[in-house]
Amino acid sequence: MLTLYGKSFNSRLLLGTAQYPSPSSLKQAVEAAGAEIVTVALRRESSRARTGQGFWTLIEELGCKVLPNTAGCRTAKEAIATAKMARELFGTDWVKLEVIANDDTLQPDLFGLVEAAAALAGEGFEVLPYTTEDLSAAERLVAAGCTVLMPWAAPIGSARGLINKDALKTLRAYFPDIPLIIDAGIGAPSHAAEVMEMGYDGVLLNTAVAKATDPVKMAAAFAKAIAAGRLAFEAGLIEPRDMASPSTPVAGTPFFKIDQAS
Amino acid sequence: MKILLNGEAFATDAETLDELCARLGFAQAKIATAVNGSFVAAAQRLATPLADADEIEIVAPRQGG
């Protein structure tokens with residue numbers, strides 16, 4: 001079970017709702033993924049198009065726990081105001097907190113992130129911060145009141161997988177009791193399996209599923225990879241070694257003579 | 001008066017944020033609001049007067065990652 005802010009989930013795959021070819025493919029992908037948590041956003045509403053009203057109906061039909069983001073916010077102030085609008089709109093204290101520093105990398109502004117996380121936690125929000133693999137930022141986010149951390153694997157939408165695996169291992173080792181969810185940069189189910197094998201608690205995906213040739217099939221593939229990675233972590237992986245080690249018993253090998261051994 | 005509504009110039013004589021939302025057809029809609037960068041709760045819209053050059057944000061649910 002994945003437990004985040006006191007709520008437990010069977011699925012360790014959190015799915016974004018953007019960029020799908022159609023509303024029905026989004027719905028089918030959520031079902032194929034077995035996702036119980038979906039991310040959503042807020043955007044300016046036109047009085048003519050009223051786009052958000054139809055989307056909200058679709059989200060309600062999914063029946064998932066909704067995790068609103070503050071995507072696109074550049075300052076702590078913007079993120080705080082957006083989080084408050086999201087809380088009222090979606091009726092949840094959960095927020096996927098993003099404070100973006102740079103257009104090309106979409107990397108988090110860690111200073112603004114910590115500032116916003118502390119302010120929001122102080123107002124009763126349950127903050128899931130989109131952060132980097134940086135250990136000191138993670139420590140400050142935990143001190144600010146975050147009981148979940150969401151480090152990136154690679155820049156959003158880049159599909160590059162785990163570009164700093166050593167630092168992600170360090171983060172896991174330093175925070176054995178904090179749920180760690182990889183958010184951003186995953187491209188293939190093998191990336192997701194790898195991070196789950198490392199003991200991460202979950203994976204948040206969007207582009208890798210939504211932009212696949214067949215998003216529904218890819219959602220199913222990720223679900224299997226994440227479940228397999230988790231099972232492998234629980235089973236306990238063997239350590240890699242430099243030299244070969246025979247798996248078939250040596251004792252009783254036919255034609256074996258002691259003076260051939262080297 | 002002239003305000004900035006969702007980043008665009010907009011002329012209105014609505015006296016409150018609540019009245020502005022109603023005139024835009026959002027009375028029953030799933031929206032949230034901010035004035036000059038700060039969140040304004042639905043229950044506070046009636047008590048939020050509008051002034052010239054106010055920057056108003058009206059947002060709704062949307063796809064997100």
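**Reading strands, sheets and burial in a predicted model**

Me: How many bridges join strand β7 to β8(A), and in which sense do the two run?

Reply: Strand β7 (residues 126–131) of chain A is joined to β8(A) by 2 bridges, and the two run parallel. Strands are DSSP runs (E, at least two residues; helices are H or I, at least four), numbered from the N terminus, and two strands pair if DSSP finds at least two bridges between them. Within this pairing, T131(A) has P151(A) as its bridge partner in β8(A). This is a predicted model, in which local features need pLDDT of at least 70 and side-chain atom pairs count only at pLDDT 80 or more, while totals for chains, interfaces and linings use all residues. Residues are numbered from 1 along each chain as its sequence is written, chains are lettered from A and ligands numbered from 1 in the order in which they are written, and side-chain values use heavy atoms, with hydrogens and water left out.

Me: What is the order of the strands in the open sheet of chain A?

Reply: The order is β6-β7-β8, an open sheet of 3 strands with parallel pairing. Its edges are β6 (94–97) and β8 (150–151) of chain A, each with a single partner strand, so one side of each has no neighbour in the sheet.

Me: Which pattern does chain B follow along the sequence?

Reply: Chain B reads β-β-α-β-β-β, that is, 1 helix and 5 strands. Its radius of gyration is 11 Å, close to the 11 Å of the globule rule for 65 residues, so chain B is as compact as a globular protein of that length; the radius is taken over C-alpha atoms, and the rule is 2.2 Å times the number of residues to the power 0.38.

Me: Which residues of strand β1 of chain B lie on the covered face, and which on the uncovered one?

Reply: In β1 (residues 2–5), I3(B) and L5(B) make up the covered face, whereas K2(B) and L4(B) make up the uncovered one. For chain B overall, 45% of the 65 residues count as buried, where buried means under 20% relative accessible area, exposed over 50%, and partly exposed in between (1.4 Å probe, protein chains only).

Me: Which strands pair with β1(B)?

Reply: Strand β2 (residues 8–11) of chain B runs antiparallel to β1(B), joined by 4 bridges, and the two form a hairpin with 2 residues between them, where N6(B) in the turn has a positive phi of about 50°. Strand β5 (residues 55–63) of chain B pairs with β1(B) in the parallel sense over 2 bridges. L4(B) stands opposite A9(B) in β2(B) and opposite E55(B) in β5(B).
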